[in-house]
Amino acid sequence: MKNEKQKYLERHIKKADLELRNIAFPNSKRNFQNDSKTKYVIEYKEGCLGYYRASTNTIAVDPKYFKNMYRHKYNKDLISTLQHEMIHKYIDYNIDSSILVYWNDNSPAFLSILAYFNNRGCNIYANYKYDKIFKRYNKSIYNLAITCKTFMELQIKLIQLKNQTKEFFYSKLRIEEDTIISYIPTYDGESYISSAKLIKQRIINEVNGKTQFLEVYIVNLSAEFNIEDAEDRAYIFDFICSEEGIESEGEYEEIDDYVIKTKSLKMA
Ligand SMILES: [Zn+2]
C-alpha cells in the first residue's frame, strides 16, 4: 500500500504536469513529461527546494512540503518546485541533452521557458539573479518567450541558438603538433555572474601507441552571455585566447559533438 506522502506527491505531480501541458500543448492529450521513467523522490538537499539529476533521471523535492498535507488542497509551492524541475528535465530530454547543459538554471533555454509559462499563468520559481541578468542581456529571446504563438516556436529558436553556439566553439578546434585543442561551451557550474569562466583540462590520449594530448577549454557561459549575438561569441573566444596566451587565428578542424562528449565524459 502506498503511503500518504507518496499519494500526496503523485497528486501534485499530476496537477503540475497538467498545468504545463494545458499551456504548452493545448490541443494535445500528451503529458508534459512524456516519459514515465522519471523517479520522483522526497529528499533533503541543503539550499535546494528540489533538484533534477540527469544521470539518474530523478526529480527530488524537499521533505518540508510534506509536514502539513491537506487531503483536498494543493500546495502551490510544491507545484511550483515540481514544475521548475520538470522544465529542467524537459529541456534535457527534448531540446539538448549534451554537454552544453542547456537545462541549467542560468541558461537562456531554461529562463525563457520559465518566462513563457509564468507569463501564461504559472508561478514557477526562478533564481532571481539569473533571471534579472537574462532579461537584461537576452532581451529578444525573452520577448519571444512572451509573444510566441506556440511553445514549438520558442523551442525551435532555442535549438537553433544552441546549434550556433556549439558550432562556433567546436569550429575553433585545432591541432598543434601532438596536442588537440578544443573548446566546449557549457552552462554547467556555478557561474553566478557576468563573464565566462574558463576551465582547462589536459587529457592524455593513446592513439595507435602514440601519445596525444587533448587540451579542453571548458567555456562556462552565463546568463549574461547573449546567445544570439555573434559578437558576444567572438568576444568570449578572444578573451579566452588572450587569457591563455593562445593564438586565436589559425587552422581549424571539424569535430563532432560525439567526440567531444566522449572525451569530456572521461574527465568526470
Ligand atoms: Zn533549478
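Analyst: Let's start with α2: its 19 residues span 26 Å from first C-alpha to last, close to the 27 Å expected at 1.5 Å a residue. That expected span is 1.5 Å times one less than the number of residues, and a helix here is a DSSP run (H or I) of at least four residues, numbered from the N terminus. Bear in mind that this is a predicted model, where local features need pLDDT of at least 70, side-chain atom pairs count only at pLDDT 80 or more, and totals for chains, interfaces and linings use all residues. Residues are numbered from 1 along each chain as its sequence is written.

User: Is α2 mostly covered or uncovered?

Analyst: A residue is buried if 20 or more other C-beta atoms, placed from the backbone, lie within 10 Å of its own. In α2, 14 of 19 residues are buried, so by that definition the helix is mostly covered.

User: Which residues of α1 meet α2?

Analyst: Contact means C-beta atoms, placed from the backbone, within 7 Å. From α1 come H12, I13, K15, A16, D17 and L20, and they meet L78, I79, L82, Q83 and M86 in α2. That set divides into seven nonpolar, two polar and two charged residues.

User: Why does I218 count as buried?

Analyst: I218 counts as buried because it has 20 C-beta neighbours inside 10 Å. You'll find I218 in strand β7, residues 210-220; a strand is a DSSP run (E) of at least two residues. Beyond its neighbours within four places in sequence, I218 contacts I184, T186, I199 and Q201.

Definitions and conventions. Contact = placed C-beta atoms within 7 Å. Nonpolar A, V, L, I, M, F, W, Y, C, P; charged D, E, K, R; others polar. Buried ≥ 20, exposed ≤ 12 C-beta atoms within 10 Å, placed from the backbone.
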